[in-house]
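This report covers a ligand shell, an annotated domain and a helix pair. Please read it beside the sequence and the coordinates.

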Amino acid sequence: PQTVHLKDYQPPAFLINQVELNFKLEPSATLVTSLLHLQRNPAHPDGRAPLVLDGQQLKLLSVEVDGQPLAASDYQVTENHLTLPQPPAEFVLQTQVEIDPANNTALEGLYLSSGNFCTQCEAEGFRRITYYLDRPDVLARFTTRIEADKEAFPVLLSNGNPTEKGELDKGKHYVIWEDPFPKPCYLFALVGGDLHPVKDSYTTSSGRKVALEIWVEKENLHKCDHALESLKKAMRWDEDTYGREYDLDIYMIVAVNDFNMGAMENKGLNIFNSACVLADPKSETDMAFHRVESVVAHEYFHNWSGNRVTCRDWFQLSLKEGFTVFRDQQFSADQHSPAVERIQHVALLRTAQFAEDASPTAHPVRPDSYIEINNFYTLTVYEKGSEVVRMLSELVGWDTFRKGSDLYFERFDGQAVTVEDFVNCMAEVSGLNLDQFLIWYSQAGTPQVKAEGRYDAEQKTFTLTLKQETPPTPGQKDKQPLLIPIKMGLVSRTGHPLPLEIDGEFHGTETVLQLNKAEQSFTFHHLESEPLPSLLRGFSAPVKLSYAYSKEDLAFLLQHDPDGFNRWDAGQQLALTTLQELISAQQQGQDLELDPLLINTWKQLLEGQPEDPLMLAELLQLPSEAYIAEQYECVDIDAIHIARDYARKTLATALYPEFLRLYHLYTSDQPWSAEAQQLAARRLKNTCLSFLVVTDAAEALQLAEQQFQQADNMTDQQAALTCLAHAENNQPGDAALQAFARQWARDPLVMDTWFSIQVTRPHPDALDRVKALLEHPAFSMKNPNKVRAVLGAFAGQNRHNFHRRDGAGYQLLANAVIELNKTNPQIASRLVLPLTRFQKLDDFRKGKMKEALERIQQEKLSPDLYEVIQKALV
Ligand code: DPP
Ligand code: ZN
């Protein structure tokens with residue numbers, strides 16, 4: 001496999017102005033005829049360069065130039081290319097190919113999902129449909145004619161507007177679609193199938209009426225309302241917040257069951273994993289509702305950040321993804337609790353993304369090389385990329401950021417651009433020099449910031465010293481200091497925010513320090529007594545910040561920090577410190593004893609009438625095993641699990657009456673509603689239930705059983721089922737699981753959660769259950785959602801069982817990866833990642849993991865898997 005480097009970028013030798021595609025859809029032999037209006041690109045250095053088109057797994061039937069068939073000697077065909085050595089400067093190329101959607105298990109290009117035709121072209125799937133310049137900087141106008149059997153495929157969709165349709169002989173029909181906006185081929189989409197629409201319309205701020213359509217299988221028609229409402233909210237929000245209006249007359253979303261990603265922002269025709277569009281309260285949880293809303297918004301926002309302005313090359317992927325994730329996070333914060341939204345994003349970032357940034361597959365937000373671009377749709381490109389955009393917005397301020405974004409969209413509309421183009425817009429409107437800031441895009445690894453505070457009682461000053469260091473990552477030994485915005489304040493020991501005076505300048509009670517050297521000090525004046533610093537408010541930079549707080553300080557900040565995010569984080573640090581003491585005790589063979597400070601702090605949280613029940617539910621989450629592991633250079637899987645489990649049980653036992661009181665307080669017999677208060681009540685109540693049940697009290701199990709049977713919504717039903725199925729005594733859980741499977745056997749999305757609940761069972765029988773579930777009739781290796789629900793959830797969320805000392809968890813995953821390597825390389829390459837995270841484990845487990853990887857390496861690997869395994873085993 002070949003490595004592609006950012007530094008080798010060259011503009012394309014040819015441009016394509018116009019594309020006319022003609023599809024004759026047949027499951028095993030679809031005919032694709034393509035007419036490309038080509039012309040030499042004056043920006044290319046070599047005016048005599050050959051035309052090299054990308055194409056994979058295509059059966060080439062004919063090639064014509066300006067209507068004249070070419071002889072076989074006039075072109076070359078290889079596994080990946082069709083080359084015309086001496087083409088004219090401007091001409092029309094017609095190719096005809098045959099493809100086999102029915103056997104396309106990779107789910108890239110044109111494939112069948114539940115009998116319906118659909119496409120996935122990002123990043124490089126279009127080359128599996130026809131010969132083309134499959135790169136994002138070639139933008140063309142597309143006309144698409146689709147022909148198919150009318151009975152089997154009554155609905156035929158593509159990008160843009162439908163311009164013509166009609167009946168043909170032999171029960172066939174056709175539709176022609178025209179997309180007026182030039183686009184790269186990764187945004188092409190086609191759908192053909194027996195689908196049904198839910199329709200609505202939206203009037204834009206300038207008064208244009210847009211038809212909205214969600215296309216699903218008949219049995220899912222009742223699950224579309226939430227996506228439709230979310231779409232309308234997102235359209236309004238983007239007008240209000242970014243001044244961006246939708247541009248076509250129609251916006252369509254199609255739900256498909258087999259999909260590698262969450263969803264895809266094809267121009268005017270989004271294709272979605274059904275898990276990210278369908279939602280009904282009876283069968284989907286509040287979390288699923290939230291996911292649908294945010295993914296619908298995300299894909300909609302791409303219409304500007306991605307489609308109207310796109311990426312020059314795939315190294316710039318974060319240009320559209322980081323910015324769009326930032327936009328969808330802002331949107332969610334505006335719809336819900338901003339602090340809780342922030343908490344949940346940060347929790348994901350600093351477990352999973354930080355782990356990625358410290359792993360063999362670590363890469364900068366803008367990678368500088370890749371073998372398979374599909375391997376770079378990562379948390380680093382998406383989530384860290386979004387953090388980088390967030391820092392920019394903090395540095396220049398929202399109003400200026402908005403000006404910069406307007407400038408970016410105006411200046412680059414219809415173009416394929418780079419990260420520098422975006423950052424330069426921000427520099428231009430703000431007048432700031434952002435050269436150092438750009439290092440965030442090119443330097444991998446999570447920066448560590450050590451903070452130290454010194455109070456001088458005589459001078460009445462507090463000096464904060466900040467040191468930054470980024471650990472080496474593969475291929476990047478030496479790191480440069482970054483520009484790190486540290487939002488902070490000082491809190492008095494009586495719990496009041498203090499005015500900040502630095503070098504005679506007043507900053508109110510909150511400021512953003514700009515750390516841009518390896519070490520820097522900031523001195524605050526006129527402080528009558530020693531303050532407590534509240535640092536990195538709102539998680540203002542994606543760094544690991546440490547400060548030597550005492551546990552009492554943390555308990556104090558948990559109560560008094562004016563920043564909601566930092567209150568939560570103080571609670572997390574308090575719990576973490578307490579858990580780390582238990583872990584040490586466990587490692588030294590001592591008896592475990594939970595610090596009463598944590599119990600008392602939680603007791604205070606649980607007393608009285610909670611001000612913010614949603615936030616309280618967040619405060620009651622103990623740090624995950626993955627986040628605890630992040631704190632160690634050498635990770636003790638078993639001690640972490642035992643300590644956390646012990647802490648949970650001890651808290652649950654000590655605070656049983658408090659949890660029970662709140663459980664009842666927030667249990668109501670009102671019917672389900674999506675309203676915020678109810679949503680918060682469900683979350684808090686179910687958090688309490690999970691603590692009650694770990695005590696194994698008969699009363700608690702009964703409450704869970706009762707809730708399981710009586711729930712009128714999936715949030716409550718699933719929460720109760722999880723409690724029962726994760727209880728040590730497996731009897732009530734197994735009975736509930738059976739009942740649940742009978743109730744929901746016909747709903748594949750609900751069955752996904754049924755699988756996940758079982759494979760995340762924290763007891764030693766989990767692995768055997770996974771093995772049995774892989775044989776279950778509802779499981780299929782061909783369906784990515786099922787693979788994620790069983791194997792992904794087991795390896796990712798059942799850490800200590802996946803890391804069993806006998807290596808059986810590793811072997812199980814390796815077997816699945818070997819199988820998927822042959823059918824769906826993208827999914828195989830994702831699934832293998834947990835096996836590559838052995839750096840901080842004990843030698844014994846390391847050995848077992850490497851053994852599993854080496855066994856996979858014996859196979860004939862796809863480029864996807866080759867790249868990951870080779871990085872892991874260097
Ligand atoms: N479907 C992916 C996303 O929207 C890739 N563009 O992020
Ligand atoms: Zn995206």
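How many nonpolar, polar and charged residues does the shell around ligand 1 have? There are three nonpolar, one polar and four charged residues in that shell; Ala, Val, Leu, Ile, Met, Phe, Trp, Tyr, Cys and Pro count as nonpolar, Asp, Glu, Lys and Arg as charged, and the others, Gly among them, as polar.

The model is predicted: local features need pLDDT of at least 70, side-chain atom pairs count only at pLDDT 80 or more, and totals for chains, interfaces and linings use all residues. Residues are numbered from 1 along each chain as its sequence is written, while chains are lettered from A and ligands numbered from 1 in the order in which they are written.

Around ligand 1 stand E122, M261, A263, M264, E265, H298, E299 and E321 (C-beta atom, placed from the backbone, within 6 Å). Two or more of the shell residues come from each of β20 (263–264) and α2 (286–301).

UniProt, in an unreviewed entry, lists residues 227–438 as "domain: Peptidase M1 membrane alanine aminopeptidase". This span is 55% helix and 9% strand, and its end C-alpha atoms lie 36 Å apart. Helices (H or I, at least four residues) and strands (E, at least two) are DSSP runs.

The axes of α16 and α18 come within 10 Å and cross at roughly 15°; α16 and α18 are therefore roughly parallel (under 35 degrees). Their contact (C-beta atoms within 7 Å) is tabulated below.

| Helix | Span | Contact residues |
|---|---|---|
| α16 | residues 676–694 | R682, N686, L689, S690, V693 |
| α18 | residues 714–725 | T715, D716, A719, A720, C723 |

The contact of α16 with α18 has five nonpolar, three polar and two charged residues.

Methods: Axes are lines fitted to C-alpha atoms, for helices over the stretch in contact, and angles run from 0 to 180 degrees between N-to-C directions. Angles under 35 degrees count as roughly parallel, over 145 as roughly antiparallel, 65 to 115 as roughly perpendicular and the rest as oblique. Two residues are in contact if their C-beta atoms, placed from the backbone, lie within 7 Å. UniProt positions are given in the numbering used here, feature names are shortened, and annotations may be inferred rather than shown by experiment.
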